[in-house]
Structures are given as C-alpha cells and as structure tokens.
Amino acid sequence: MQKNDWHGVPCQFFFVYKGFWDDWDWGSVMHKISARQCTLNGAVRFDGIGVHSASPVTLRIEPAAANSGFQIARIMDDGRIVGPVEVKFPRVSRTTLCTTIDLGESVSVATIEHVISALSGLGVDNALITLNGEECPIMDGSSAPFVEEILKLGLQVQPAMRKYIKILRTVTVRNNDSFAALEPYNGRSLDLEIDFDNEIIGRQRMIFEWTPRRYVEDVSAARTFGFMKDAHVLRQAGYALGSSMENSIALEDDRILNPGELRYQDEFVRHKLLDAIGDLALGGLPFYGRFRSYKGGHALNALVLTSLFANEANYEIVSADKLPVAFDALDDLPEELEVTPYLRSVG
Ligand SMILES: [Zn+2]
C-alpha cells in the first residue's frame with residue numbers, strides 16, 4: 001500500500017491513530033484533529049456488475065481535495081469523460097428502486113447509494129468516484145466490500161475543518177402512511193422503522209447513533225433484499241436483471257431462499273438504514289440532527305432533503321469545532337482503521 005511520505009519517512013512512523021488518541025486529553029481540546037475533513041489514503045478499485053443492468057462495471061474511488069465533497073464522473077464507451085459533478089440531491093434524477101444521479105449531457109449513474117453510504121458512514125468527507133458504466137457495482141448487496149477496502153487503505157486527515165448541516169427546524173414529508181423527517185438533535189441519529197406484510201420481515205425498528213465504528217459493525221454488512229413475486233415484473237421493466245442470491249436476500253412468501261443465515265437477525269431494517277445514510281449524504285455534507293422514517297425509501301429520503309433546503313431557516317452549516325464537546329462520535333473509529341494526519345499536526 002502506497003503511503004504519503006514526509007521527507008521520505010512514512011507518516012505512520014510519526015503517528016498511528018489509536019495510540020495517539022489514547023494519550024490525548026480530548027476534554028481540553030477544542031479543535032479535535034478528528035474534527036478535520038478526511039479523504040482516502042490512496043485509490044481503490046472495484047469490479048462487479050450492476051444489479052439492475054447486469055452490465056460489468058469498474059468503479060474507482062480516489063482521494064479528493066478538502067471541501068470538494070463526493071464527486072462522480074463516468075467514462076463513456078468512446079473514452080469521453082462526463083463529470084465530475086457533485087453527488088448532491090438536486091442531481092437526483094430517479095429514485096425508482098435505487099438512487100440515480102444526473103451527470104448532464106444525458107448521462108446518469110444509478111445505484112450510487114451503497115458506495116456513498118460506505119464513504120459517509122466511515123466519516124469520509126471528500127472522494128472522487130469514477131466508473132465506466134451506467135450503474136455502480138452491487139458487489140454483495142451491502143456496503144461491506146467498499147468499507148473493507150477503504151479500511152485497508154486508511155484515511156488521510158485534511159487541514160480543513162469538517163462541516164455539518166445542523167438541523168434547526170423539523171422538516172417532515174409524507175406519502176400515505178409513510179414519512180421521513182429531519183429534526184434538531186444533539187448528535188447524529190437515525191430512527192428508522194419498516195413494516196412489511198411478511199412473516200420474515202414484519203415490523204422492524206432500529207435507532208442508530210452514528211459513529212464510524214458502529215456503522216462498520218452494525219450496518220455495513222446488511223444486504224439489499226427483494227421478493228420473488230416482484231422479480232418477474234421488475235425484469236420485464238428492465239430492473240433487477242443482475243440480481244441474484246450473490247447480491248440480494250431473496251424472499252419467497254415467508255421464507256428466505258438464500259443458503260445460510262441472515263447476517264443480522266434484523267438485516268432488513270439495517271439495510272434500509274444503510275440506504276438512508278447514503279441518500280442523506282446527498283445533502284452535500286453530513287447532517288447534525290436526527291433522521292426519522294417510517295416505511296420510507298429513496299424517494300422520501302430525497303424529498304426530505306429537498307424540503308430541508310427549501311427554507312434557509314431549517315438548517316445552518318456549522319464547523320465541527322462549534323459542535324458540543326460531548327459529541328465524540330468522530331473519535332469512535334474501527335480498530336483496524338489507520339488515520340494519517342496532515343503534516344502540520346505532526347510538527
Ligand atoms: Zn440498498
């Protein structure tokens with residue numbers, strides 16, 4: 001793995017995240033290093049197929065400058081590059097079964113939510129995604145394959161302070177009996193409930209206080225799921241052509257067709273949470289507040305962002321050093337994740 005060098009000496013000789021953090025008296029530090037923006041410590045590549053298109057695709061994630069957020073570009077068959085554009089909610093062109101981003105020039109990229117969820121869930125602020133197809137690879141149907149490679153690579157802290165969208169007023173959007181809401185809260189929390197007329201899924205609720213470590217352990221491995229009774233209709237409409245038991249939990253009536261156990265006993269609601277984390281990152285910055293949803297999905301998630309940003313009184317952009325000191329979620333990282341500081345912090 002290629003590390004950034006400092007006068008020829010790899011950064012990890014100065015600073016390995018865990019030991020440094022343990023010795024540091026965070027209570028007295030107003031400007032946490034962990035409150036700075038992060039990008040990847042190098043580039044990483046994924047090969048797979050699109051779950052809807054079934055087309056082979058290669059996706060690459062690489063580091064990006066501070067304050068650039070998540071950007072996405074597509075390499076066309078003729079070698080032309082469209083983008084990069086910011087991965088933000090005004091560019092959401094479709095939310096049917098997945099979230100699709102419009103890159104302009106009549107070019108789009110579908111199923112972005114799992115890779116964006118991995119980046120946002122791990123606390124990455126800036127990254128450039130490039131792919132050579134119309135849809136991100138589905139991998140195993142969760143965000144774990146993305147997370148695992150990013151963990152191997154490590155993160156690079158950047159000089160710029162991390163910023164959040166602080167929710168000031170509750171915004172709720174509804175569709176029949178389902179809803180999604182963003183509301184003021186001292187922390188980053190998601191409270192999500194699903195209710196399926198199905199014995200295996202039924203009613204499941206998860207309250208998730210975000211930290212990167214909890215994202216990796218409690219959310220990232222949850223796979224997408226689908227019902228066999230819908231599969232035929234979807235395929236006729238050109239969806240789910242690449243779906244299989246390799247990348248989805250397949251349900252037929254009240255049984256699971258996949259061999260083996262579920263990865264979590266309530267894997268279904270955890271996957272919806274994984275999706276919501278990816279969809280909410282389309283705000284352009286991580287939110288500081290609480291997301292609540294009942295029987296929601298990509299469409300309501302996109303709509304609640306649109307409603308939030310429709311009125312400037314609903315939110316403010318705050319930098320991480322202005323958040324309550326008690327908000328220590330930024331420091332709760334997976335054990336295996338190495339974070340390399342920007343150079344000034346080692347001097
Ligand atoms: Zn999903």
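Where is the place of Leu-282? In this predicted model, for which local features need pLDDT of at least 70 and side-chain atom pairs count only at pLDDT 80 or more, totals for chains, interfaces and linings use all residues. Residues are numbered from 1 along each chain as its sequence is written. Leu-282 lies in the loop between α6 (267-280) and β21 (287-294), where helices (H or I, at least four residues) and strands (E, at least two) are DSSP runs numbered from the N terminus.

Leu-282 counts as buried because 25 C-beta neighbours fall inside 10 Å; a residue is buried if 20 or more other C-beta atoms, placed from the backbone, lie within 10 Å of its own, exposed if 12 or fewer, and partly exposed in between. Apart from its neighbours within four places in sequence, Leu-282 is in contact with Val-87, Lys-88, Phe-89, Val-92 and Leu-305, contact being assigned to two residues if their C-beta atoms, placed from the backbone, lie within 7 Å. Pro-90 is 192 residues from Leu-282 in sequence, yet their C-alpha atoms are 8.5 Å apart in space.

In helix α4 (residues 212-219), the buried residues include Pro-212, Tyr-215, Val-216 and Val-219. These residues are on the same side of α4 because they cover an arc of only 120° around the axis, the arc being that of the directions from the helix axis to the C-beta atoms. The buried residues of α4 pack against α2 (113-121), α3 (144-153), β17 (203-209) and α6.

Two packed helices are described by the angle between their axes and the distance between the axes. Axes are lines fitted to C-alpha atoms, for helices over the stretch in contact, and angles run from 0 to 180 degrees between N-to-C directions. The axes of α2 and α3 come within 9 Å and cross at roughly 40°, and the two helices are therefore oblique to each other; angles under 35 degrees count as roughly parallel, over 145 as roughly antiparallel, 65 to 115 as roughly perpendicular and the rest as oblique. This contact is made by His-114, Val-115 and Ala-118 of α2 together with Phe-146, Val-147 and Ile-150 of α3.

The axes of α2 and α6 are 7 Å apart, and the helices pack at an angle of about 80°, which means that α2 is roughly perpendicular to α6. Here Glu-113, His-114, Ile-116, Ser-117, Ser-120 and Gly-121 in α2 meet Leu-274, Asp-275, Ile-277, Gly-278 and Asp-279 in α6.
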